[in-house]
Amino acid sequence: MKKSKLAILTNGIIKENPILVLILGTCPFLAVTTQASNAIGMGLAVTFVLLCSNVIISLLRNVISDKVRIPCYIVVIASFVTLVQMIVKAYAPALDSALGLYLPLIVVNCIILGRAEMFANKNGIVDSALDAIGMGVGYMLAMLVMASIREIFGAGTWFGMKIPVLNDNNISIMTMAPGGFAVFGLLIAIINKASHGKAIKKKEFGCEGCPSAGSCGQKSCDRKEAAA
Amino acid sequence: MANKVVSVNPHVYAPETTTTIMRDVIIALCPAVVASVLFFGVRSLLVEAVCIAVAVLCEWGFEKICKRPVTIGDLSAVVTGLLLALNLPVTIPLWQAAFGALVAIVVVKQLFGGIGMNFANPAITARIVMLVAFGANMTRWAPAAFSGAPADTVTAATPLSIIAGINGVSAGTNTVADLPSLAQMFLGARGGSLGETSCLALLIGGVYLMIRKVITWHTPVAFIGTVLVLTALLGQQPLYQVMAGGLFIGAFFMATDYTTSPPTPAGKLIFGVGCGLITVCIRVWGNYPEGVSFSILLMNILNPYICRWTRSKPFGGVKA
C-alpha cells in the first residue's frame with residue numbers, strides 16, 4: 001500500500017496528529033504552551049530537528065544495523081538539537097529563556113524518535129522529509145491552538161497583545177499545570193468527536209510499526225488472535 | 001412506554017427518588033442560606049442565585065448538545081450550585097462564581113457521564129479550581145455583620161487564618177485577642193464563606209438530613225470527631241478548629257455525597273476519619289489555612305479502594 005506524496009504530507013496534520021491523535025511528546029506540549037509565541041518557537045525548533053533527523057536517518061537506513069538503531073538515532077537527533085540550541089541562544093535569547101530546559105529536551109521527544117522508528121527507518125528521503133514537515137506542522141498547529149486558548153483565557157493576552165476585557169478578568173488556572181491538562185483533554189475529545197473515532201486505531205500500526213515488536217514475539221496485539 | 005424492561009430482582013419499592021433526596025438536601029441547606037443573608041447581606045442571595053442558575057443552565061445545555069436525557073428535573077444541579085455558592089466568599093465577582101458553576105457541572109459532572117458517574121464532588125472540585133484560579137478573590141473575606149469588627153474594616157481574617165498567623169505559618173499581625181468568641185463561632189458571626197460560618201444552621205440541616213435518613217451519622221461524626229481529637233492532641237484549640245472553616249458544611253453536606261463516598265457504615269467511618277486526618281495535617285502543617293475541601297477531594301479519589309475493602313458479604317455468599 002503506497003501512499004501518495006500529498007497523503008504523506010497531510011497525514012501528520014489531522015489524521016495522525018502527533019499530539020492530539022498519537023499522543024506523543026506531551027511533556028513539552030503541556031509545559032511550554034503558556035504563551036502563543038512560545039508555541040511557535042518550540043514548533044519551529046521541533047520541525048527543524050524532525051526534518052533534519054528524518055532525512056539523515058532515511059539516508060542511513062540501510063547502513064545502520066537494526067540492533068544499534070536507537071543509539072544511532074539519538075546521536076543524529078542530539079546533533080541537530082545542539083545545533084538548534086546554539087542558534088536559538090545566539091539569535092533569540094528571549095525564546096531560549098522562555099523554553100528553558102525543554103529546548104535541549106527535544107532530544108528525547110517521542111515524536112522525533114517515533115517518526116525515525118516508524119517512518120524514516122523504512123521510507124525514502126523525499127517521503128521522510130514530507131512526513132517530517134507534515135508532523136512538524138501538525139505539532140505546531142496543535143501547540144498554537146492550545147497555547148492560544150491558555151494564553152487568552154489564562155493571561156488575557158495573545159502573542160503578548162493585551163485583550164481588553166479578558167486582561168482584567170483572567171482565569172489564571174489556565175496557565176498552570178491543571179489548566180493545561182484540562183485543555184489538553186478537551187482538545188483530544190474534540191478531535192475524537194470530529195473524526196467520529198476514525199482517527200488512527202491501534203490495529204492500523206501493525207507489528208512492523210511497533211517499537212517493541214522485536215521483544216514481543218506475538219503476531220498480533222489481539223491476544224485471542226495470537227492464541228489461535 | 002411500550003417497551004418496559006424488567007430489571008433483575010429483588011424488586012423493592014422505595015418512595016425515595018433522586019428528586020426527593022435532593023429536595024431534602026435543599027431544605028436542609030435553607031438555614032445556612034438564611035444565615036448567609038443575615039451575616040453577609042443580600043449580595044449572598046445574588047451569588048447563590050447566579051451559581052444555581054448557571055449550574056442548571058450548564059446541565060441542560062450540555063445534555064442537549066450531547067443528546068442525553070435532560071436531568072435538571074432531579075434537582076441535583078440545583079444542589080451543586082447552591083453548595084458551591086455556600087463555599088464562596090460574598091465578595092466574589094459574579095462571573096467567577098458562574099465560571100465555578102460551569103466547571104462543577106460540565107467538567108466534573110457531565111464529562112464523566114452525569115449524575116452518579118462523577119469521581120469527585122462537583123462543588124468541592126469547583127471550589128478548589130476557583131481557589132487556584134482566583135486565589136486573591138477567594139480569600140478576601142468580608143467581615144460578618146454584628147461581628148463587632150470596626151465599621152471601616154474592608155476585609156476580615158477567618159479564624160483559621162488568625163490561628164495560622166499565631167502559629168507563624170503565615171504572615172499575619174493577628175493575635176489571640178482577634179479570635180471571635182466561641183458563641184460567635186457557633187452562631188456564625190465571623191469571616192468566612194457564605195454558608196460555612198454558622199455551625200448552628202448547618203447542624204440543624206444535618207440533623208434534618210439524618211432524621212429523613214438521607215445521610216447517616218457515620219461520616220460527619222467520624223470526620224468532626226477526628227479533627228476534634230487530633231487537634232486536641234496537637235494542642236491546637238480543638239473547639240475553634242472544629243467550628244472554624246468549612247468543617248461542618250463539608251462533613252454534613254459534601255463528604256456524604258452518595259456518588260463519591262462509600263455506601264457501607266465501615267466505609268463511611270474510614271472515609272470520615274481519612275477526611276479528618278488530611279484536614280488536620282493541612283491546617284497544622286500545610287501552606288493553606290484550610291484543608292476541608294482538599295481532604296474531601298483526596299478521599300473522593302480513594303473512594304473506590306475504600307469500597308473494595310469494605311464490600312459487605314452477601315448473606316450465604318462465599319468468599320470471592
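Q: How are α1(B) and α9(B) oriented to each other?
A: This is a predicted model, in which local features need pLDDT of at least 70, side-chain atom pairs count only at pLDDT 80 or more, and totals for chains, interfaces and linings use all residues. Residues are numbered from 1 along each chain as its sequence is written, while chains are lettered from A and ligands numbered from 1 in the order in which they are written. Helix α1 (residues 18-40) and helix α9 (residues 199-211) of chain B pack at an angle of about 170° with their axes 8 Å apart, the axes being lines fitted to C-alpha atoms over the stretch in contact and the angle running from 0 to 180 degrees between N-to-C directions. Since angles over 145 degrees count as such, α1(B) and α9(B) are therefore roughly antiparallel.

Q: How do the residues of the contact of α1(B) with α9(B) divide into nonpolar, polar and charged?
A: Residues in α1(B), including V25(B), L29(B) and P31(B), meet residues in α9(B), including L202(B), I204(B) and Y208(B), where contact requires C-beta atoms, placed from the backbone, within 7 Å. With Ala, Val, Leu, Ile, Met, Phe, Trp, Tyr, Cys and Pro counted as nonpolar, Asp, Glu, Lys and Arg as charged, and the others, Gly among them, as polar, the division is 13 nonpolar, 1 polar and 1 charged.

Q: Which element gives the most to the side of domain 1 of chain B that touches domain 2 of chain B?
A: The domain assignment, which is automatic or from a database, gives domain 1 (18-137) and domain 2 (159-309) in chain B. Across this boundary, 32 residues of domain 1 of chain B are in contact with 29 residues of domain 2 of chain B. The elements giving two or more residues to the domain 1 side are α1, α2 (43-65), α3 and α5 of chain B, and the one that gives the most, with 13 residues, is α1(B).

Q: How many of the residues of α5(B) are buried?
A: A residue is buried if 20 or more other C-beta atoms, placed from the backbone, lie within 10 Å of its own, and in chain B buried residues make up 49% of the 320 residues. What covers the buried residues of α5(B) includes α3 (76-86), α4 (94-109), α6 (135-138), α12 (247-254) and α14 (292-309) of chain B. Helix α5(B) is mostly covered, and its buried residues number 11 of 12.

Conventions: Helices (H or I, at least four residues) and strands (E, at least two) are DSSP runs, numbered from the N terminus. Two residues are in contact if their C-beta atoms, placed from the backbone, lie within 7 Å. Angles under 35 degrees count as roughly parallel, over 145 as roughly antiparallel, 65 to 115 as roughly perpendicular and the rest as oblique.
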